[in-house]
Amino acid sequence: MAIISFSQVSKRYPGGFEALKAISFSVEPGEMVFLTGHSGAGKTTLLKLIAAIERANHGTVLVGGQNVSVMRAAAIPYLRRNLGLVFQGQKLLYDRSVFDNVMLPLVVTGQPYREAARRARAALDKVGLLEREKANPVTLSGGEQQRLCIARAIVNRPALLLADEPTASLDVAYADEIMEMFGAFNRVGVTVFIATHDRQLIGKWRTRVLTLDHGRLQ
Amino acid sequence: MRAWLRHHGVSLVQTLARLARSPFSTLLNVLAIGAALALPVGAFCILVNLEALSRYVSLESQVSVFLAGNALPADIASLASQLKGTNGVRAVRFVSRDDALADLKRGAGMEEVVATLRRNPLPDAFVVTLSGRDPALADRIERQFKSLPKVAHVQGDSVWVRRLDALLQLGRTAVILLSALLCLALVAVTFNTIRLQILTQRDEIEVCSLIGATRAYICRPFFYLGSLLGLLGGLAALFIVLGALAVLDRDLMQLGVLYGIDLRLRFPEAREMAAILGICAALGWLGAHWSVSRYLLTFERR
């Protein structure tokens with residue numbers, strides 16, 4: 001069964017702008033898929049539909065077999081706990097340490113502190129930030145902040161990792177490093193779905209590429 | 001269940017930490033609530049004391065029964081037994097016209113005045129002490145006495161008792177109105193405080209919502225914050241009122257010494273103080289609830 005399945009999905013924003021037009025595709029478990037397209041093509045909107053941040057106007061969005069487009073508001077948090085989200089604009093909390101940022105998804109789900117701390121450190125170790133756990137995220141470089149976002153996204157051991165422009169504003173060496181990290185997660189079975197406009201980056205990977213053009217899938 | 005309890009613990013600790021992080025604004029908030037609530041709480045205490053005092057002062061509700069000039073000793077004797085036999089009468093004291101005149105003479109400067117009188121103008125009288133302070137009872141007894149033979153005039157203090165009762169009733173109504181108004185103020189203060197807190201924690205709320213926090217998890221710290229603000233405000237109000245009562249009590253005791261009576265203020269009981277704190281916490285929660293549903297849930301789903 002596909003982990004993500006869109007059929008005839010359209011999204012129109014209030015005001016009439018049609019971000020997505022009759023999108024249909026599916027992603028199998030364990031796949032690594034790139035979503036690309038020009039800026040404003042609808043990449044972010046598509047990711048938001050998967051995470052139930054936005055709802056489709058038409059069509060069906062299935063995530064892990066659940067119909068997200070008709071999901072009750074109270075069920076959405078439990079859907080998101082099974083997703084790893086790497087947001088555009090990072091959305092780190094600067095009033096707490098690196099460690100506490102990674103702890104947040106585990107605190108929210110009510111994990112016992114000891115177990116949560118162990119998993120948070122393991123996640124930080126995977127992205128190479130373990131020795132910075134006490135630092136404030138402000139003091140991290142752009143690449144490090146992006147790695148911190150990834151640590152926060154994987155700390156819940158999600159089956160599906162969604163990333164929106166994870167390499168934006170990073171230089172090529174850092175971008176390759178970040179992509180290598182996603183590749184490593186994919187090799188241990190995590191489904192990875194990455195939206196990026198960086199075609200050069202995609203060229204280095206031999207994976208499926210979905211291309212959006214003005215809200216339509218090419 | 002354990003995870004749920006852990007959430008509550010974490011929320012409470014976070015809320016306390018948040019209050020402690022900005023001690024000055026917390027203090028000002030608590031003082032604003034405390035000062036506002038001290039008014040109705042203080043007024044309530046004063047009213048309770050006045051009621052106690054009024055019971056003390058007019059414990060002896062009295063009716064004076066003046067006899068007609070032509071009353072004979074036999075009439076007086078039969079009247080005395082009739083008065084004593086009336087329901088609601090505790091004691092009857094006879095004051096003869098001669099005793100009354102002697103009493104009058106003792107007043108300052110009255111001796112010369114009395115000396116000019118050719119005959120005693122005062123009537124014989126009974127002073128009747130009633131067993132209750134009920135104005136209706138006093139009224140009924142007064143009317144009953146008026147209809148007795150050889151009774152010229154009945155003078156009761158039931159009018160005075162009624163006036164006092166009416167005044168106390170007025171006081172009670174005023175305290176209720178004042179309380180309602182200032183409870184509204186408490187709700188408004190917590191509403192606004194929580195609104196500001198929500199705005200400063202916008203990022204955190206958004207991130208938590210995106211990583212799978214339930215609505216209850218996100219709202220909970222704000223409910224705690226509102227309840228805590230109400231509770232601390234209530235505590236501040238109680239401290240203000242207890243301090244004021246202690247000062248007043250000292251002055252009142254000195255006044256009592258001058259009058260030869262033991263005047264003491266009644267302080268609120270533990271049960272009453274617990275009720276006040278409970279109400280304050282509930283009102284704080286209400287303000288938080290209102291604020292959360294107004295501001296938090298609106299940007300949860302855009």
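**View 1. Helix H1 of chain A and the residue after it.** A:Ala52, which follows H1(A), has a positive phi, near 60 degrees. The model shown here and in the other views is predicted. H1(A) spans residues 43-50, and six of its eight residues are buried, so the helix is largely enclosed by the rest of the structure. The buried positions are A:Lys43, A:Thr45, A:Leu46, A:Leu47, A:Leu49 and A:Ile50.

**View 2. The two domains of chain A.** Domain 1 of chain A is made of two segments, 1-82 and 160-218, while domain 2 covers 90-157. Taken over C-alpha atoms, the centres of domain 1 and domain 2 of chain A are separated by 23 Å.

**View 3. Contact between domain 1 and domain 2 of chain A.** Nine residues of domain 1 of chain A are in contact with nine residues of domain 2 of chain A. On the domain 1 side, helix H6 of chain A (residues 172-187) gives the largest share, four residues. By class, this side of domain 1 consists of seven nonpolar residues, one polar residue and one charged residue.

**View 4. Contact between chain B and chain A.** Here 14 residues of chain A are in contact with 16 residues of chain B. Two helices of chain B, H1 (2-21) and H8 (202-210), each supply at least two residues of the side that touches chain A. The largest share of that side comes from H8(B), with six residues. Eight nonpolar, five charged and three polar residues make up the side of chain B that touches chain A.

Conventions. Residues numbered from 1 in each chain as written. Chains lettered and ligands numbered in written order. Predicted model: local features only at pLDDT ≥ 70, side-chain atom pairs only at ≥ 80, totals over all residues. Contact = placed C-beta atoms within 7 Å. Nonpolar A, V, L, I, M, F, W, Y, C, P; charged D, E, K, R; others polar. Buried ≥ 20, exposed ≤ 12 C-beta atoms within 10 Å, placed from the backbone. Domains from an automatic or database assignment.
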